[in-house]
Amino acid sequence: VDALAAGTSNKGRKVSSSKSTGGGGGFGAASKAPTFIHTPDTSESTQNLLQFLKAQKAKGLDNVDIGFHQGTGVRGLFCTTNMKQGQIICRIPSDCALALSDPNKNGEDAPTVAHGGSNFLEMYWNNEQNKRLWSPYLDTLPKQGSEQFDPTPDFLGEDELMLLEFPRLIQRAKERKEQVGKVAAEKGISEEELRFATWLVSSRAFQLSLSAPANEKDEMPQYDDRGQVIDKAQKKTIRVMVPFIDMANHSSDQPNCKLTLIDPEKDDAWFALEATRPISAGKELVISYGSGVDSSVELLMDYGFVPSSNRIDSIMLEKGGDDAIAKLDGWTTTLDEDKTMLEMSRDDPVLQKILRFRIRLKESYKR
Ligand SMILES: C[S@@+](CC[C@H](N)C(=O)[O-])C[C@H]1O[C@@H](n2cnc3c(N)ncnc32)[C@H](O)[C@@H]1O
């Protein structure tokens with residue numbers, strides 16, 4: 001409003017062309033200087049990735065900055081120009097995506113995420129030729145122990161795992177540990193190497209359904225009696241890693257864009273980020289991971305982080321189930337005790353994450 005008022009009182013000044021922030025948002029947005037909340041990532045690996053993708057004819061990369069959120073320090077994607085709802089923000093040729101299955105096997109060679117991890121090692125990381133070919137992408141992936149490494153509960157020791165207390169999450173982490181152990185033995189690779197590769201795949205690969213209609217994701221989710229989303233018909237899926245787009249972080253409550261496949265049936269198909277609402281320059285580009293309605297149990301299990309808010313948690317707790325904790329007083333500590341412990345555990349990131357998970361769920365019980 002201020003910008004529009006200033007424009008009308010300064011006769012002759014063209015409000016709408018006063019900034020080069022792009023096509024989006026109307027007078028107000030176009031004349032307001034963007035507020036940036038990130039520090040651009042100027043590392044050599046990121047610059048190499050951008051060069052590589054430009055040479056492969058990726059489009060719209062200038063609409064996006066890879067950078068670090070100034071509040072959280074988390075690396076992500078930030079919009080450099082206003083975007084309208086429905087606009088394609090950037091697109092990457094499908095040739096630049098790393099399939100984690102043999103295309104002739106319809107996803108049957110990767111029934112679990114641990115198999116996806118094993119295929120990643122076999123097809124890319126430990127294959128000399130492909131490792132060289134894909135190095136501009138592989139070099140941008142988090143390393144174990146780096147800032148971007150956000151371990152999932154299957155990295156926890158037995159005692160730490162029990163501190164999570166929520167039976168469904170503990171059970172899933174145990175299953176993942178077992179899965180990794182089994183596949184590592186089958187394929188003759190080290191469990192440690194496979195655990196990390198499995199984390200990479202689980203936390204950054206996109207699952208594409210081979211048979212579902214394109215709009216299936218937009219339908220209302222259905223829940224089973226434990227409050228978990230039903231994966232309809234357990235369709236075959238393949239996992240793909242999509243450079244650049246896999247830098248997008250998650251928002252449970254306010255995603256502003258989504259992954260879209262353009263011309264999937266054609267030879268020159270694209271993976272794109274599409275704005276699902278108007279986005280102003282400077283904002284972080286955030287998508288919705290997984291089923292789109294994942295509770296914090298799934299987000300921690302598959303991606304290793306606890307979201308700052310998540311409306312799905314209340315629904316999940318209300319649905320309950322015998323592997324959930326039905327009431328706030330079913331936990332061994334109170335919410336306040338966990339908050340105090342969080343304050344006191346500043347130099348223990350593992351315990352901090354465990355406590356943030358407990359607090360997240362405890363704050364979600366309907367009172
Ligand atoms: C697909 S990657 C996104 C890019 C990643 N931040 C990076 O720099 O490589 C998923 C990882 O990003 C982080 N992440 C995504 N969304 C997040 C959120 N809302 N809060 C905290 N971390 C998040 C987690 O570490 C997660 O494992």
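I take contact to mean heavy atoms within 4.5 Å. The model is predicted: local features need pLDDT of at least 70, side-chain atom pairs count only at pLDDT 80 or more, and totals for chains, interfaces and linings use all residues. Residues are numbered from 1 along each chain as its sequence is written, and side-chain values use heavy atoms, with hydrogens and water left out.

**Overview**

I began with the whole protein. It has 13 helices and 11 strands. I use DSSP runs, numbered from the N terminus: helices are H or I of at least four residues, strands are E of at least two. Of the 367 residues, 45% count as buried. Buried is under 20% relative accessible area, exposed is over 50%, and partly exposed lies in between (1.4 Å probe, protein chains only). I also looked up contacts between residues at least 6 apart in sequence: 71% of them join residues at least 24 apart.

**Aspartate 41**

I found aspartate 41 in the loop between strand E1 (38-40) and helix H3 (44-55). I set aside its neighbours within four places in sequence. The contacts are then Thr46, Gln47, Ile66, Gly67, Phe68 and Arg75. Which side chain of opposite charge is nearest to aspartate 41? I get arginine 75, 4.3 Å away. Aspartate 41 is buried yet has no salt bridge. For charge, Lys and Arg count as positive and Asp and Glu as negative; His and the chain ends are not counted. A salt bridge needs a side-chain nitrogen of Lys or Arg within 4 Å of a carboxyl oxygen of Asp or Glu.

**Strand E10**

I then checked E10 (residues 270-275). 6 of its 6 residues are buried. Both faces are covered: Trp270, Ala272 and Glu274 on one side, Phe271, Leu273 and Ala275 on the other. I count strands as paired if DSSP finds at least two bridges between them. Strand E4 (residues 88-93) runs antiparallel to E10, joined by 5 bridges. Isoleucine 88 stands opposite glutamate 274 there. Strand E9 (residues 257-262) is also antiparallel to E10, with 6 bridges. Isoleucine 262 has tryptophan 270 as its bridge partner.

**A sheet of 3 strands**

I traced an open sheet in the order E5-E7-E6, with antiparallel pairing. Its edge strands are E5 (98-99) and E6 (206-209), each pairing on one side only. E6 meets E7 (residues 237-241) over 4 bridges. Glutamine 207 faces arginine 239 in that pair.

**Helices H10 and H9**

Why is H10 (residues 296-303) largely enclosed by the rest of the structure? I note that 7 of its 8 residues are buried, so the helix is largely enclosed. The buried residues of H10 pack against helix H8 (167-187), helix H9 (191-204), strand E8 (249-250), helix H11 (312-319) and helix H13 (349-362). Just after H10, glycine 304 takes a positive phi of about 85°.

In H9 I looked up leucine 194. Leucine 194 is buried, with a relative accessible area of 0%. Not counting residues up to four places away in sequence, leucine 194 touches Ala114, Gly117, Ser118, Leu121, Val180, Val183, Ala184 and Ile189.

The structure holds 1 cavity of 30 Å³ or more. A cavity here is a set of points on a 1 Å grid over the protein atoms alone where a 1.4 Å probe fits but cannot get out; lining residues have an atom within 4 Å of a point. Grid points are joined across faces, edges and corners, and the volume is the space filled by probe spheres set on the points. The lining includes His250, Ser252, Tyr289, Asp294 and Arg311.

How values were computed: On a 1 Å grid over the protein atoms alone, a cavity is a set of points where a 1.4 Å probe fits but cannot get out, and a pocket is an open set with protein on both sides within 12 Å along at least five of seven lines; lining residues have an atom within 4 Å of a point.
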